[in-house]
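This briefing concerns a single protein chain, whose sequence and model follow.

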Amino acid sequence: MAFRGNFEYQLDDRKRVALPPKFREEFANGAILVPGLDGCIEVYTPEGFEAEARVVERVPAFSEQGRQLRRAFFASSFDVQRDAQGRLLIPAKLLTYAGIERDVVVLGNDQRLEIWDRTTWEEQESTLPGARASALQQLAEESAAGGGG
């Protein structure tokens, strides 16, 4: 399933965040939370986590980069269960990492969800149209240079 859209929530007093109702069944077998590369919390289904793990494992484990990548991905991951109301308990370590205190945005990003501090997301979101245009321009240039366009 490709996750998409964004949804505004608040952490409850027990540091739980609701999953968007249309995605809750995808997390019936739990979720894996990982510190995201851009200061958010990535939320994977077990299957999505395994697919991402296969990408991580493409970097050789005997290299320093491979060892560091595995530590950053696997050692910083948290297995959590969805409660009956479709909420996930977010570990304090991840809340601190993402700068989340109360207001959050849960957004779909293809094969994962992301949980953002609302203010941080609003700042990030304002840069997205320019980033999209730049990425599309680069693709067009690469395609033209390769004779594909």
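How many helices and strands are there in the chain? There are four helices and eight strands, where helices (H or I, at least four residues) and strands (E, at least two) are DSSP runs numbered from the N terminus. This is a predicted model, in which local features need pLDDT of at least 70 and side-chain atom pairs count only at pLDDT 80 or more, while totals for chains, interfaces and linings use all residues. Residues are numbered from 1 along each chain as its sequence is written, and side-chain values use heavy atoms, with hydrogens and water left out.

**Overall architecture**

- In sequence order, the elements of the chain give the pattern β-β-β-β-α-α-β-β-α-β-β-α.
- The C-alpha trace spans about 55 × 40 × 25 Å along its principal axes.
- Of the 149 residues, 37% count as buried; buried means under 20% relative accessible area, exposed over 50%, and partly exposed in between (1.4 Å probe, protein chains only).
- The chain exposes about 9100 Å², of which carbon and sulfur atoms supply 49%; accessible areas come from the Shrake-Rupley method with a 1.4 Å probe, and for residues only the protein chains shown count as cover.
- Among contacts (heavy atoms within 4.5 Å) with a separation of 6 or more, 58% are between residues 24 or more positions apart.

**Strand 3 and its partners**

- Strand 3 is largely enclosed by the rest of the structure, because four of its five residues are buried.
- Strand 3 pairs with strand 5 (residues 78–80) in the antiparallel sense over three bridges; two strands pair if DSSP finds at least two bridges between them.
- Within this pairing, Ala31 has Val80 of strand 5 as its bridge partner.
- Strand 3 also runs antiparallel to strand 4, joined to it by four bridges, and Val34 stands opposite Glu42 of strand 4.
- Strand 3 and strand 4 form a hairpin with five residues between them, and Gly39 in the turn has a positive phi of about 90 degrees.

**Two loop residues**

- Gly30 lies in the loop between strand 2 (16–18) and strand 3 and is buried, with a relative accessible area of 2%.
- Apart from neighbours within four places in sequence, Gly30 is in contact with Tyr44, Thr45, Pro46, Val80 and Gln81.
- Gln85, in the loop between strand 5 and strand 6 (87–89), is partly exposed, with a relative accessible area of 47%.

**Pockets**

- A pocket is an open set of points on a 1 Å grid over the protein atoms alone, where a 1.4 Å probe fits, with protein on both sides within 12 Å along at least five of seven lines; lining residues have an atom within 4 Å of a point.
- The largest pocket has a volume of about 310 Å³, a volume being the space filled by probe spheres set on the points, which are joined across faces, edges and corners.
- The largest pocket is lined by 15 residues, and the closest to its centre are Pro35, Leu37, Glu42, Leu69 and Phe73.
- Strand 3 (31–35), strand 4 (41–44), helix 1 (46–56) and helix 2 (64–75) each give two or more residues to the lining of the largest pocket.
- The second largest pocket has a volume of about 200 Å³; of its 16 lining residues, Leu107, Asn109, Glu114, Trp116 and Trp121 lie nearest its centre.
- At least two residues of the lining of the second largest pocket come from each of strand 7 (103–109), strand 8 (112–117) and helix 4 (118–145).
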